[in-house]
Amino acid sequence: MTGRSAEIVDSEICVVGGGPAGLSAALAARRAGAQVVLLDLFDRPGGQYFMQPPHPVSGLAAAQVGQGRALIGKVRDSGVVIRSGVEVFGADGAGTLLARQGERALVVRAKALVLATGAHERTSPFPGWTLPGVMNPGAAQRLVKMHGITPGKRVVLAGCGPFLLVVAAQLHHAGCEVVRVVEASPSPLRLAATLLRFPSRWAEAAGLLRAVAPLWSRFRFGRVVAEAMGEGHVNRVRFAFLDGEGRLGADDPETIDDIDALLVGYGFRPSVEIATLLGCSLRHDWNAGGHHVAIDEASGATSVPGVFAAGEITGVAGAYPALAGGARAGAAAARFVGRPAGHSPPSYAGRADRFAKALRRAFRVPYAALGQLPDAETLLCRCEEVRATDVAAALQDGGCDAHGVKMWTRAGMGLCQGRICGFGLSVYAAQRAGLDPASFGANAARFPARPAPLDILAEATAAAIAAPQGNLADESRGGLSGSASRD
Amino acid sequence: MGLEARHIVVVGAGIVGAATALALVERGARVTVLERASPGSAVSGASLACLGTHMNSEIELPQLIWATQRWALWDQRFNGAFHYRRCGQIRFIDHEADIPTTERWIALERAAGLSASFLTAEQVREIEPALTGPILAASWSPDDALVNPFLSVRTLLRAAMDAGAQLRHHQSVLAIDTRGESVCGVRTADATIPADAVVVAGGPWAADLVAPLGVSLPIVPRKAQCLATVAQPPTIRGVVGACKSEQGGVHGGYTQIQQSEAGQILFNTVLEGGKSAPGAQNTIPQVDLRFVSDSIATLLRLFPGLRGTDVLRSWVRFEAVTPDDRFIAGPVGPTGLYMAAGDNGTGFLRAPVIAEIIAAALEARSGEVDPSPYDPRRFSAGRETHA
């Protein structure tokens with residue numbers, strides 16, 4: 001096409017994702033003697049949890065940044081090749097990945113893959129959610145940590161889960177006026193009870209509580225954001241109470257005015273796109289964030305031989321389980337390529353998993369209420385401007401699954417490839433048509449997993465076709481047909 | 001024989017099942033449509049939904065002309081609900097050897113009253129200014145049209161339901177039941193549904209459904225693939241395809257490029273494509289890399305201005321292929337069993353024809369179109385009576 005050709009990268013093991021799980025997997029595999037390349041989407045490794053700002057950091061984030069820096073250092077020193085700014089968009093058979101780094105096409109061939117692609121924030125539509133100034137807490141956190149930019153002067157946070165506390169503390173530290181923190185769970189008691197059972201997390205919890213203590217009077221429990229309002233930008237927000245079953249109850253009479261940012265987050269959904277292209281089996285469980293990659297717990301092995309997974313894509317659980325899962329998957333991948341590793345699980349592994357499960361019980365996402373929030377005109381798919389009423393009509397006419405809704409309304413056909421609207425559509429369908437999220441399904445990721453220019457796709461596919469097949473074990477080869485998605 | 005008071009089950013809610021259900025319910029039948037997933041979610045929803053008589057099928061030309069007229073009538077009747085647009089079709093020519101073939105097609109279409117014509121490369125650019133790639137010439141069929149495939153299925157099905165048809169979606173038919181020499185109903189996981197007649201419009205699943213009744217039909221799945229770019233400003237006006245080629249015979253290749261109403265450019269080029277393994281339709285794989293590579297190469301050769309455009313998505317479904325590329329439509333096996341499958345990747349245009357043939361067969365009258373090209377008995381195996 002352009003006379004350029006793709007760069008071919010050969011490695012025994014390729015790790016996709018440079019957050020806690022991916023770094024940990026790369027280190028474990030490398031320490032077992034395997035040759036490892038790690039591909040990461042961002043400019044610097046670390047993921048969301050170990051995000052590495054270009055400038056010094058103080059406050060709550062400092063310890064976390066330092067911990068991440070140390071781990072990244074160990075990974076580099078061990079001889080892992082870290083390639084940043086790499087977008088993986090395709091897979092051929094189990095051993096070959098198609099990617100781009102800037103304007104260059106990249107084809108990576110490995111004998112084993114470890115997928116550690118993390119999670120996306122869940123976006124849940126409500127009236128006014130598309131107003132400028134409304135964003136996800138994680139996006140706001142990245143703005144503050146990486147660029148020193150605050151999302152606004154007067155900020156309201158709302159949603160569910162401990163991540164909200166972390167972001168509230170960081171925004172407060174960055175100088176924002178945090179006007180309200182609205183948590184859907186009925187009270188802080190369950191969180192306190194959970195924490196009491198895990199002394200190992202007391203220090204961390206104490207640090208977080210100290211950081212949010214000045215905000216304590218701003219906390220409200222048992223309610224959700226019902227509507228964001230404003231002319232061209234959010235400046236007002238109102239809330240609704242939840243009943244005992246997690247459904248919408250009465251309106252909260254309080255409205256908050258004169259805000260310039262509203263951060264709403266109901267947790268994360270696993271980023272299973274690359275795993276889907278490779279044909280890995282998925283499962284659905286709201287407690288794990290929705291559709292996630294099914295693995296053998298002991299090894300991180302997916303349903304596709306030679307493909308391992310770790311971290312949030314195997315069920316959203318947080319950084320410590322991700323580190324432990326990464327170490328397991330990295331060692332198992334090394335064994336797979338003939339580098340037996342004396343892997344011993346980190347001492348915290350079991351405890352971290354139990355803590356993650358206990359936290360999920362403490363913070364119950366009000367799925368029913370979220371599905372009730374959109375009114376007829378609320379956009380459920382922003383890219384294609386699909387309103388709730390359009391989706392309701394499609395459900396009524398028999399388009400009763402994610403694919404049916406997509407065909408009949410175009411919801412999910414736009415630029416975000418369904419990443420943003422997928423969660424909101426499934427909670428809405430559950431409420432509107434009584435469809436459980438597992439049977440409603442999700443629109444499976446399709447090639448390319450991220451939008452990529454025609455010429456780069458052409459270079460990558462040409463190179464992948466011309467190069468000898470991926471090097472995975474014979475039984476896992478999909479051949480050129482790449483008939484990988486056995487879901 | 002009227003269809004009043006007869007209960008007819010239509011298996012499959014793709015474009016053929018939807019059109020058939022509408023035809024039957026309008027003739028007085030009680031109709032139940034059974035669909036294994038969402039309506040139109042198999043190959044109908046993956047279709048580029050081009051309604052064109054051009055370079056299509058010589059033997060079926062009268063039927064295709066009738067079909068294009070029926071689609072235009074539907075467009076009027078349903079007030080543009082499925083976004084019918086008569087955008088025309090260009091078939092580009094790369095090889096001198098293909099010019100006589102193209103001229104022959106144009107001549108036979110004009111003889112049938114159609115308005116196909118021959119274009120020089122310069123004339124092509126007047127119609128498709130962005131098509132600046134090195135082509136030799138092209139043919140042009142101004143009356144060919146596009147419809148929105150999803151909305152077409154939905155509109156016809158809605159009309160059938162408004163007229164009294166019942167849709168049971170997300171219900172697979174597990175078996176067709178017979179009593180004596182006649183069909184008597186179908187079974188799903190949840191229910192046994194009595195029926196006076198069963199119409200199988202199940203695309204690549206159709207042959208497997210009737211096989212237990214001793215009916216053997218040569219319908220096999222074939223992988224159909226497509227790519228789409230992110231939305232672009234208006235760039236491509238109509239349908240751009242490859243001419244029927246002498247290069248490599250009937251398997252010489254296939255290209256279709258068009259821009260959707262939403263602005264996404266939809267394109268595919270299949271240079272090698274055989275049949276898929278039996279049962280392939282049950283799992284949906286990713287697109288083939290070879291397909292991606294060939295499709296992009298063709299698109300950028302014709303439309304070099306698109307070079308930096310992002311590809312957004314791809315999809316794969318399975319067409320139902322027959323040995324002679326024609327549908328199998330009409331009675332098969334036990335009394336009351338009718339086949340309406342074998343789209344060969346061009347089922348959208350033919351759906352009203354198949355619906356008319358099935359309705360006429362059920363009414364035991366001669367219909368508006370000649371059913372002979374689709375007669376199931378043309379395959380010897382289709383003559384077997386049920387065991």
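## Helix α3 of chain A

Just past the end of α3 in chain A, A:G148 adopts a positive phi of about 65°. Please keep in mind as you look around that this is a predicted model.

The helix itself covers residues 137-147 of chain A, and its buried residues are A:P137, A:G138, A:A140, A:Q141, A:V144, A:K145 and A:M146. An α-helix has 3.6 residues a turn, so residues three or four places apart point the same way.

## Two domains in chain B

Now let's move over to chain B. The domain assignment gives domain 1 as 7-45 + 150-219 + 324-383, and domain 2 as 89-142 + 220-321. In chain B, 14 residues of domain 1 and ten residues of domain 2 take part in the contact. The C-alpha centres of these two domains of chain B are 30 Å apart.

## Where the domains meet

Domain 1 and domain 2 of chain B bury about 1000 Å² between them, with carbon and sulfur atoms giving 50% of that area.

The side of domain 1 of chain B that touches domain 2 divides into six nonpolar, five polar and three charged residues. Between the two domains of chain B there are six residue pairs in polar contact, counting pairs with both residues at pLDDT 80 or more.

Conventions:
Residues numbered from 1 in each chain as written. Chains lettered and ligands numbered in written order. Predicted model: local features only at pLDDT ≥ 70, side-chain atom pairs only at ≥ 80, totals over all residues. Heavy atoms only, no water. Buried < 20%, exposed > 50% of the residue type's maximum accessible area, 1.4 Å probe, protein only. Helix = DSSP H or I, 4+ residues; strand = E, 2+ residues; numbered from the N terminus. Domains from an automatic or database assignment. Contact = heavy atoms within 4.5 Å. Buried area = accessible area lost by both parts, 1.4 Å probe. Polar contact = N/O pair within 3.5 Å; in protein donor to acceptor, adjacent residues only side chain to side chain. Nonpolar A, V, L, I, M, F, W, Y, C, P; charged D, E, K, R; others polar.
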